[in-house]
Structure formats: structure tokens, C-alpha cells
Amino acid sequence: MFSFNIYNPTRIVFGKDKISQIDKLIPKDAKVLITYGGGSVKKYKTLDKVKEALGDRIHFEFGGIEPNPKYDTLMKALDIVNKENINCLLAVGGGSVIDGTKFIKLAANYDGEPKELLTKGGSHKVKENKNINIATVLTLPATGSEMNSGAVVTCDEGKFAVNNPMCFPMFSILDPTLTYTLPETQVANGIVDTFVHVNEQYLTYPVDARFQDRTSEGILRTLIEIGQDTIKNPTNYDLRANLMLCATMGLNGLIGSGVPQDWTSHMIGHELTALFGLDHGKTLAIVMPSLFEVKKDAKRDKLIQYGKRVFDIESTDDNEIIDLAISKTREFFESLGIKTRLSDYGIKKEQIDLVIEQLKNHNFTSLGENRDIDLETSRKILENAL
Ligand code: NZQ
Ligand code: ZN
């Protein structure tokens, strides 16, 4: 196992009707900006519950943060933060709203043009000089953003990840009943996103990290167990509760500690979203099975372990286990209604050049646990995914 240093200060308040806890967790004298997306939280009355919990606290609202949140939109919220001396950002929504809110905090603490935090990197160096807390009410289990310090923001036709400890939420409310209103495809996206996050921290090469491996396998098996059922039974509390916890634990630092990681699926996936507008989860369902096929030699030991322990494949032929493990991964995504081929989304071979060009522009030229996924290998992965 590798050495590591883990820090996670986010309080998780989990369960039905826990929005009311906001009253206990946010100081009475806070000046709050509630951030939200395109309106689902208004339609389904989540915003009303949040405002009720805030009671007499001074608060403002900023809606309209779009999926794959845009830099320009977030800068409008920054104006309110500066003008009103906001000291608490309360994000109510999915990963996009939470990520956007984290970026607003980073921008408020940055001395230069905030765009540089995306296009020039270095967001991890921003020093916290304004006392602004972030809190979240999660409505879509998928990204893990509710308990991590990362955020992804769209700017100038690219998606850029930022990471800074000041982005950890102070607390997140996880009420599984808030997910009952999700469209089926968003639930499926969330299951795939979580499954892929776990695999990106698990399916590399063995380092005898037994706790991380067994925990990852536990999350993957749980997702396979509940995946179709939770889509078919949107108001089954326990199914949604299990999905929500898997999503949060899948990307909060725990299973990724002390192990090699391979974020290729996310890096290529982000370019597919930026260029073609595909949902985040769908891009991952396209890239990951193909990545496994192209890198099956480097990932050999872990693919065999994954086949045996996650899919219970019994065979004496290791090559057969690997091939079955990959095809079962693809079948799992498809069983949730998520297509796994570029052609399923109308993307043609000629358009792969655009993706490669963007990977090059963004310096994603040595991806993977061994840093050996160069542009040629990314091209192979994409062509194999057609
Ligand atoms: O905008 P509204 O009207 O709220 O509708 C949203 C949106 O259209 C809707 N929705 C959310 N909760 C709902 C609901 N509709 C009905 N009922 C509810 N309870 O769902 C749509 C998608 O929301 P979005 O927040 O975009 O989805 P998701 O949570 O999948 O977030 C995706 C974003 O997270 C980034 C992705 O790149 C993408 O930009 N990621 C962030 C990560 C992180 N911070 O650690 C890691 C992830 O891998 C990912 O890259
Ligand atoms: Zn993701």
C-alpha cells in the first residue's frame, strides 16, 4: 500500500426530513446565498423547505446554474457574494450546483481573474482569506461532490477540474427522499458515475490494499444489486438510501487512499461532454469498457480480481474471466438504459480528431495509472468505442 494523508472535515447528516437540521448547523447571524439549478428544487418544494429551515437568517437566492456549470453564470453569483458580504453558500441541487458553488468560493478568495483558476491551473494554491462556509443539500446522488474538495467547471468549450481543501462543504444534508423526483436517466447516470469513480480508484494494479479493494468491491456489488431496482422503484427509501451512500463514499477520499488511480475515463469523458453535450455519466459508460479492452494487459491482475469478486465469474481460464468481466461491465450500464457506444449518440469516426485535439490543448497527454495513455492510446480507446 502507498503512504497517504487523508483529511475530510465534511459533516454528513443523513436521513428523511433532515433539511430542518440547517437551523442547528448554520450560525444565526450568517448571511446566506442559496444557489440552485434550473428549477427542479422550486418545482419539488425543496427550496421552500430550505428557506423555512433558515428562518430569520438574512438570505439571497441565485438560480440558473446549469448542468456542467458555466464560468460566466458563476461570475454573476460572485457579484452577489461580494456586494452582500455573503459568508455562507448553501448549494441545493446535484453535482453541478455544488461544484459551481465551490468555484464561487474559490473565485471570491482569488486576487486575479478567476478564469485563470481554470485555464491556467493552480486553484489548489488559492489561500482562504474570506470567511465563507459552504453547505449543501444534495438532490442527485452521483458525483460525491457533497463530501469532497473537487469541482468541475465549463469554460471556453472545455471542462476544467479544480481542487482545494477550502471547497469541502462544512456539512451536507443527504435525504434520500429528495431523489424520488429524479428522471430515470439521471438516476442511471448517477449509478454509472459512482461505478466508474470506484473503478478509477480500484481497477489499476494490485498494491495489497485489502481494505480499499474490499470496500470498493462492496460498493460495486451494491450498485449492481440495487441499480435496476432503484430505477424501477423511485420511492423505495432503502434503495435510494443505499445509492446515495455509495455515491458519497465512492469519491470522498476513502477508497482512493494509498492506491494507484486511473482517471482516464473522466478526462476523455469531460471532452465528450464539452464537445457534444453528452451527460457526464453517459460519457463514462462509453469510455470505461473500451479503456479496459485497450489496457487489458496492464490491468490484467485487477481485471481478474474484479471478474471473480464483483461478478462471481468462475472459470479456470484467466483470459476468459477478463473478457467476461469487461462485457458484464458494458451489460450492466446498458441494463440501466445507458448506451455504451459513441455511435449510439451519433458521434462518428471523423469527430474523434476533435476530441484528440482538445485532449492535446488541455495537456491530457499522459493519462492512466502508469501515465502511458498518450494521444495515440486515447485515439485507440475512442475508436474502439465507436
Ligand atoms: O438544474 P435542475 O433543474 O435542478 O435539474 C437538474 C439537472 O437538470 C436535475 N435534478 C437534480 N436533482 C433533481 C433533478 N431533477 C429532479 N429531481 C431532483 N431531485 O438533474 C440534472 C442534472 O444535474 P447535475 O447536477 O448536472 O448532475 P450531476 O449530479 O450528475 O453532476 C454532474 C456534474 O458534476 C461534475 C460533472 O463533470 C458534471 O459537471 N463532476 C463533479 C465531480 C466532483 N465534484 O467531485 C466528480 C464527478 O466525476 C463529475 O466530474
Ligand atoms: Zn464523475
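This is a predicted model: local features need pLDDT of at least 70, side-chain atom pairs count only at pLDDT 80 or more; totals for chains, interfaces and linings use all residues.
**Ligand 1**

Select ligand 1 and display the residues around it, of which there are 33. Gly38, Ser40, Ser96, His197 and His266 come nearest.

Next, show side chains and look for polar atoms facing the ligand. At Ser40, an N or O atom of the side chain is 2.7 Å from an oxygen atom of ligand 1. Move to Asn68, where a polar side-chain atom lies 3.1 Å from an oxygen atom of the ligand.

Colour helix H6 (115–119) and strand E7 (158–163), each of which supplies at least two residues of the lining. Strand E7 gives the largest share, 5 residues.

Where does the second largest pocket lie relative to domain 1 and domain 2? Colour domain 1 as 11–178 and domain 2 as 183–384. Both domains give residues to the lining, so the pocket lies between them.

Most residues other than glycine have a negative phi. The next two selections have positive values.

Select Lys45, in the loop between helix H2 (40–43) and helix H3 (46–54). The phi of Lys45 is near 70 degrees.

Then go to Asp312, in the loop that runs between helix H12 (300–311) and helix H13 (318–335). Its phi is near 55 degrees, again a positive value in a residue other than glycine. With a surface displayed, is Asp312 buried or partly exposed? Asp312 has a relative accessible area of 47%, so it counts as partly exposed.

**Asn148**

The last stop is Asn148, in the loop between strand E5 (133–138) and strand E6 (150–155). The relative accessibility of Asn148 is 12%; buried means under 20%, so Asn148 counts as buried. Show the backbone of Gly150 as well: its nitrogen lies 3.0 Å from a polar atom of the Asn148 side chain.

Definitions and conventions. Residues are numbered from 1 along each chain as its sequence is written. Chains are lettered from A and ligands numbered from 1 in the order in which they are written. Side-chain values use heavy atoms; hydrogens and water are left out. Helices (H or I, at least four residues) and strands (E, at least two) are DSSP runs, numbered from the N terminus. Domain bounds come from an automatic or database domain assignment. Buried means under 20% relative accessible area, exposed over 50%, partly exposed in between (1.4 Å probe, protein chains only). A residue is near a molecule or strand if one of its heavy atoms lies within 4 Å of it. A polar contact is a pair of N or O atoms within 3.5 Å; within protein, one must be able to donate a hydrogen and the other to accept it, and residues adjacent in sequence count only if both atoms are side-chain atoms.
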